[in-house]
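Reader: I would like to learn how to read the main features of a model such as this one, step by step. Could we begin with the sequence and the structure in view?

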Amino acid sequence: MAFTPSKDQRRRDREQKKIDKRFARETAKIEKLEAEKAAKEAAALEAFYKTEEGIKAKEEADFEAELAAEAAAKGKT
C-alpha cells in the first residue's frame with residue numbers, strides 16, 4: 001500500500017513552496033537594486049575622475065598608494 005500525504009501536509013507543502021518563491025523573488029530584487037546602486041556609484045566616480053578636481057584627487061591617491069607600497073616593501077626587507 002502506497003503512502004499518500006494528508007491534505008494538511010499537501011497544503012503546508014504548497015504554502016512553503018509559495019514562501020520559497022516569494023523569498024527568491026525578494027532576494028533577486030535586492031541583488032538587482034544593489035547592482036544598480038553599485039553601477040551608479042561607479043558611473044559617478046568615473047565622471048568625477050574626468051573633472052580637473054577628480055584628476056588631481058586620483059593622482060594624489062595613486063601617489064599615496066605608491067608611498068604605502070614602498071613603505072610596506074621596506075618594512076618586509
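Author: Helices (H or I, at least four residues) and strands (E, at least two) are DSSP runs, numbered from the N terminus. With that convention, K21 belongs to helix α1, which covers residues 7–49, and E60 belongs to helix α2, which covers residues 52–76. This is a predicted model, in which local features need pLDDT of at least 70 and side-chain atom pairs count only at pLDDT 80 or more, while totals for chains, interfaces and linings use all residues. Residues are numbered from 1 along each chain as its sequence is written, and side-chain values use heavy atoms, with hydrogens and water left out.

Reader: How many helices and strands are there in the protein?

Author: The protein has two helices and zero strands.

Reader: What radius of gyration does the protein have, and what would a compact globule of 77 residues have?

Author: The radius of gyration is taken over C-alpha atoms, and the globule rule is 2.2 Å times the number of residues to the power 0.38. For a compact globule of 77 residues the value would be near 11 Å, whereas the protein has 27 Å. Along the principal axes, the C-alpha atoms fill a box of roughly 75 × 40 × 15 Å.

Reader: What share of the 77 residues do buried residues make up?

Author: A residue is buried under 20% relative accessible area, exposed over 50%, and partly exposed in between (1.4 Å probe, protein chains only). Buried residues make up 1% of the 77 residues. As for the accessible area, which comes from the Shrake-Rupley method with a 1.4 Å probe and, for residues, only the protein chains shown as cover, the protein exposes about 7400 Å², of which carbon and sulfur atoms supply 58%.

Reader: How many salt bridges does a search of the whole structure find?

Author: A salt bridge is a side-chain nitrogen of Lys or Arg within 4 Å of a carboxyl oxygen of Asp or Glu, and the search finds three. In helix α1, R11 and D8 are three residues apart, about one turn of the helix, and E15 and R11 are separated by about one helical turn because they are four residues apart. In helix α2, K56 and E52 are likewise about one turn of the helix apart, at four residues, and the closest N and O atoms of their salt bridge are 3.8 Å apart.

Reader: Are K56 and E52 exposed or partly exposed?

Author: K56 is partly exposed, with a relative accessible area of 47%, while E52 is exposed, at 59%.

Reader: Which residues gather in a patch of positive charge, and which in a patch of negative charge?

Author: Patches are made of residues with over 30% relative accessible area and no salt bridge, like charges being joined within 9 Å and nonpolar side chains (Val, Leu, Ile, Met, Phe, Trp, Tyr) within 5 Å. Lys and Arg count as positive and Asp and Glu as negative, while His and the chain ends are not counted, and the place of a charge is taken as NZ of Lys, CZ of Arg, CG of Asp or CD of Glu. On the surface, K7, R10, R14, K17, K18, K21, R22, R25 and K29 gather in a patch of positive charge, and E59, E60, D62, E64, E66 and E70 gather in a patch of negative charge. K21 counts as exposed because its relative accessibility is 52%, and E60 counts as exposed at 54%. Over the protein, the mean positions of the 19 positive and 18 negative charges are 16 Å apart.
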